[in-house]
Amino acid sequence: MIEKIVLFLLEQQGMLASRIEKLGKQRAILQEQPDISGIAELREAYREVGVDLIKLLKFVDLNATGIRKILKKFDKRFGYRFTDYYVTSRSNHPYSQLQQVFKHVGVGAVVGALSRNLAELQERQGSYLSIYDQPSAALKDPIIDMINSSVDKLTRSTNFLRFLGQHALILDEESPSTAGEEEIEDQKYHFMSLMLNLVNTFLYMVNTYIIVPTADDYSVSLGAASTVCGVVIGSMAVAQIFSSVYFSAWSNKSYFKPLIFSSIVLFLGNVCYAIAYDMNSLTVLIAGRLLCGMGSARAVNRRYISDCVPARIRMQASAGFVSASALGMACGPALAGLLQWKFKIYMVTFNQATLPGWVMAVAWLFYLVWLSISFKEPNRATEVNDATQNPASGQRVDIGQLENGLAQPLLTDSENKQNGDEDEEIDDSEEASEDSRKPATSIGSAYRLLTPSVKVQLLIYFMLKYAMEILLSESSVITNHYFSWNTSAVAIFLAILGLTVLPVNAVVGTYISNMFEDRQLLMVSQITLLVGIIFSFKVTRTYSAVQYVASALITFVSAEVLEGVNLSLLSSVMSSRLSRGTYNGGLLSTEAGTLARVVADCTITAAGYLGVGKLLNITLLPSLVICATSIACTFLTYNSLF
């Protein structure tokens, strides 16, 4: 059906192109026999073509919702993500007619022809009028701006938010189909509570990376090797493997209590990290980082957005979650670079090693007070539980992320409205069994829902997180050994890397994702990441800062691009049963990424026993092998990535 309607759309674009061609012949005649009134009439004719194009674009935008409602009905009745299969199999296939729509070949040609001809006519008409009647500089015709706005509404204005939001793997769903459901969502939503969750995400990422520039010096000051920084940094990730599970389960009952617990544990963890210097205890230092990891409430933050934020702004909230994480990742090292003071109050030492702990302890204390005053626990009675609700009752069923408007299917307005009414009438006899729609209840049951394509995407996620953690965690040791960089230089370097996240995602999400298929971007970004890893190896007697910085940028940027595309594909190939519940897709990806960080940090410490001079090449070897393996696995499952 989609192909049939897309052909109709292309036919309409062809008719618009024919009209422009006929108008072009009239313009050629006017060039030979200039006529002011004729030029004005021709301009109006071109504008009419532009108005019709805008109507066609609005037609696409309006009826895309209609086709999603039809597919949503299939998903509800059969408990299967028919939407994902049907749409992606027709949108991502290289021979699909939809590709012509996605790339805007027809629309771009029509807009270009209209813009060029209107500009020439305006300039030509001005040559026959008084200078007082026509401005000296030709202005773009307003109709062109209207067309561009319509195109942006369909693609670029939403693609970046969607692409960025997919980094959080918060599986979006359709807007509520009834006013009552929308009212229920509004009752659960509280703006300040959402902000507190985003601030929690930001502070946690700052807490994670604020110690990276100084962890090696701190380890040395306690009598350990500089490469023990891998254990110090990674101990937070070790605890996060377990905390993600119990926080995800806790969020089934409450959001406020786990956030309070998280803030208290993080406060205590940072105090332990700071006082380890005066206690001269590496054990206390690692215990402090373990406590910080036990306070990781990212599962709660993600779950709050998924459950309590209305569907109409969930994409923006998801993008805010990712942006907060990215800013925290950049601000952490930058803040460490500023904390270069050294003083003592009573028996407590404040220096570049301990100040990150004290600063974060104060930050979490202030956050705890703000949270206690401003957070509003949503009314759990209004939430919809997929395992117990009957779809026939008229309440909304959380079916995971549906197709996000990538396809351009068309229905008439009346059909769309009729279909919306039909959504409320679902026959019980056509419902799938309860078991087919229940969320996974354990890690084992979640694992059994993983198809080969999903497993490959999780492997890719593991690989990119491993490569990034190796790069970031050993940066202070490597740069000090080869280039004698101080803490401030390392902090600036890491902050610059972190600041590339949002611009890179803006470019990819706004432009590049419109030009290529996700699976193409997946393969290219993996190959680029492999090139960055190979370029990072020390193969000559000298190792320059230029080589290190350039290879680090290639590796980090490639990994960022890969993460967005990887999670985009993961959300489309993952079972709908993994879109909700404790053991959801977000938790699985978090566990995969956290495990990668733990393995990477342990690799750094283990490789350190062979000497700092061999640290770089030894830690890059696993990255190289895992990256090559993921490329091979992607190639084997390439045809199934729709």
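This report walks through the aromatic pairs, cysteines, surface patch, backbone and annotated spans of a predicted model.

## About the model

Residues are counted from 1 along each chain as its sequence is written, and side-chain values rest on heavy atoms, with hydrogens and water left out. Because the model is predicted, local features need pLDDT of at least 70 and side-chain atom pairs count only at pLDDT 80 or more, while totals for chains, interfaces and linings use all residues.

## Aromatic pairs

Let us begin with the rings. A pair of aromatic rings is described by the distance of the centres and the angle of the planes. Here, rings of Phe, Tyr and Trp (its six-membered ring) pair if their centres lie within 6.5 Å; planes under 30 degrees apart are stacked, over 60 edge-to-face, and the rest tilted. By this rule the model has 21 aromatic pairs. Helices (H or I, at least four residues) and strands (E, at least two) are DSSP runs, numbered from the N terminus. Tyrosine 255 is buried at 0% relative accessible area, and tyrosine 304 is likewise buried at 0%. For these classes, buried means under 20% relative accessible area, exposed over 50%, and partly exposed in between (1.4 Å probe, protein chains only).

Phenylalanine 256 and phenylalanine 375 have ring centres 5.7 Å apart and planes at 20°, so this pair is stacked. Phenylalanine 256 belongs to helix H12 and phenylalanine 375 to the loop between helix H16 (355-374) and helix H17 (413-422), so the pair ties together parts that are 119 residues apart in sequence. Phenylalanine 256 is partly exposed at 26%, whereas phenylalanine 375 is buried at 9%. Elsewhere, Tyr482, Phe483, Trp485, Phe493, Tyr543 and Tyr548 make up one aromatic cluster.

## Positive phi angles

Serine 484 has a positive phi of about 60°. Its place is the loop between helix H20 (475-483) and helix H21 (487-499), and serine 484 is exposed at 60%.

## Cysteines

How many disulfides does the structure hold? With a disulfide taken as a pair of cysteine sulfur atoms within 2.5 Å, the count is zero. For cysteine 292, the nearest cysteine sulfur is that of cysteine 272, 8.5 Å away. Cysteine 292 is buried at 1%, while cysteine 633 is partly exposed at 22%.

## Annotated spans

The unreviewed UniProt entry carries the annotation "transmembrane region" for several spans, including residues 224-247 and 259-276; such annotations may be inferred rather than shown by experiment. In the model, residues 224-247 are 79% helix and 0% strand, with end C-alpha atoms 33 Å apart. Residues 259-276 are 100% helix and 0% strand, and their end C-alpha atoms lie 26 Å apart.

## Phenylalanine 343

Phenylalanine 343 is found in strand S1 (residues 343-345). At 37% relative accessibility, phenylalanine 343 is partly exposed.
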